[in-house]
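Here are some notes to read alongside the model, written as numbered points. Keep the picture open and look for each place as we come to it.

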Amino acid sequence: MAWKRMPPLLLLAWLSASVCSARDRTDLLNVCMDAKHHKTKPGPEDKLHGQCTPWRKNACCSVSTSQELHKDTSLLYNFNWDHCGKMEPACKRHFIQDTCLYECSPNLGPWIQEVNQSWRRERFLNVPLCKEDCESWWEACRTSYTCKSDWQKGWNWTSGSNKCPAGAVCRTFESYFPTPAALCEGLWSHSYQASQYSRGSGRCIQMWFEPAQGNPNEEVARFYALAMTSRAMLHGTGPLLLSLALMLLLWLLD
């Protein structure tokens with residue numbers, strides 16, 4: 001009679017393994033994007049420069065990357081913040097912090113997407129940026145000047161760095177981005193989503209944080225990674241597991 005119990009026991013073991021593998025996914029946590037200047041794996045970088053220092057304990061960026069991204073026209077991407085005249089220092093500070101988050105954070109896994117671009121294979125999309133971070137960024141930049149509402153594409157690169165395309169007019173940021181959400185969501189082709197959650201809520205990514213108090217984005221990444229894997233299980237393996245469980249029950253009752 002023992003042989004009759006073997007198939008259901010094997011099926012039960014497979015069901016358990018499937019549930020565990022779905023719940024124990026770690027590929028969304030503590031990861032670096034596959035992009036131009038990112039490290040393969042995150043790790044300590046004790047000498048990170050300037051505004052990137054909050055990520056010293058665990059970073060996807062190198063010391064040299066953190067130094068270079070603070071320059072007005074960085075060799076990382078030859079991108080010139082001052083394409084419509086001198087950007088206000090307070091505004092530039094937010095852009096540097098944005099770049100530090102992009103290059104250094106190991107907590108963006110839930111929002112990483114594959115792309116087919118010459119300079120990167122992955123990007124992040126719709127990262128929920130905390131309400132205060134988005135609003136302060138817009139407030140600091142509203143009187144600076146730009147000529148485009150999407151900085152991800154459409155520049156004139158013939159000189160080696162970004163120039164305004166033909167016909168583009170330099171106007172205030174507020175003209176191109178009338179609201180904080182318009183700036184945060186439109187600037188980099190929806191890399192960010194303007195969240196209604198506040199800093200410290202555990203539900204939005206902070207561009208700015210005090211490293212002595214730990215990295216709050218770790219908790220946020222865990223929350224969204226769990227939500228994503230739970231949805232995947234519900235809509236993907238869930239129905240299959242339910243069907244197999246019913247088959248197992250019928251087999252045992254036979």
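1. Is Gly-167 buried or exposed? Gly-167 counts as exposed, because its relative accessibility is 74%. The cut-offs are these: buried means under 20% relative accessible area, exposed means over 50%, and partly exposed lies in between, with a 1.4 Å probe and protein chains only. You will find Gly-167 in the loop between strand 4 (145-146) and strand 5 (171-172). Its C-alpha atom is separated by 9.4 Å from that of Cys-147, 20 residues apart along the chain.

2. A word on what you are looking at. This is a predicted model, in which local features need pLDDT of at least 70 and side-chain atom pairs count only at pLDDT 80 or more, while totals for chains, interfaces and linings use all residues. Residues are numbered from 1 along each chain as its sequence is written, and side-chain values use heavy atoms, with hydrogens and water left out.

3. Now the overall plan. The protein has seven helices and six strands, and along the sequence they follow the pattern α-α-α-β-β-β-α-β-β-α-α-β-α. Helices (H or I, at least four residues) and strands (E, at least two) are DSSP runs, numbered from the N terminus. Of the 254 residues, 44% count as buried. The protein exposes about 13,800 Å², and carbon and sulfur atoms supply 56% of that area; such areas come from the Shrake-Rupley method with a 1.4 Å probe, and for residues only the protein chains shown count as cover.

4. Contact here means heavy atoms within 4.5 Å.

5. An α-helix has 3.6 residues a turn, so residues three or four places apart point the same way.

6. His-94 is found in helix 3. It counts as buried because its relative accessibility is 9%. Not counting residues up to four places away in sequence, His-94 touches Ser-136, Trp-137, Ala-140, Met-207 and Trp-208. The C-alpha atoms of His-94 and Trp-137 are separated by 5.9 Å, although the two are 43 residues apart along the chain.

7. Gln-51 sits in the loop between helix 1 (2-23) and helix 2. At 13% relative accessibility, Gln-51 counts as buried. Leaving aside neighbours within four places in sequence, Gln-51 is in contact with His-70, Arg-93, Ile-96, Gln-97, Cys-100 and Trp-208.

8. Next, the largest pocket, with a volume of about 580 Å³. A pocket is an open set of points, on a 1 Å grid over the protein atoms alone, with protein on both sides within 12 Å along at least five of seven lines; a cavity is a set where a 1.4 Å probe fits but cannot get out, and lining residues have an atom within 4 Å of a point. Grid points are joined across faces, edges and corners, and a volume is the space filled by probe spheres set on the points. The largest pocket is lined by 24 residues, of which Tyr-77, Phe-79, Trp-119, Gln-152 and Trp-188 lie nearest its centre. Helix 3 and strand 2 (120-124) are the elements that give two or more residues to this lining.

9. The structure holds one cavity of 30 Å³ or more. Lining the largest cavity are Val-31, Cys-32, Met-33, His-38, Cys-60, Tyr-102, Ser-105, Leu-108 and Ile-112.

10. Finally, look at two backbone angles. Phi of Asn-78 is near 55 degrees, a positive value in a residue other than glycine, and Asn-78 lies in the loop between helix 2 (63-68) and helix 3. Phi of His-190 is near 65 degrees, also positive in a residue other than glycine; His-190 is found in the loop between helix 6 and strand 6.
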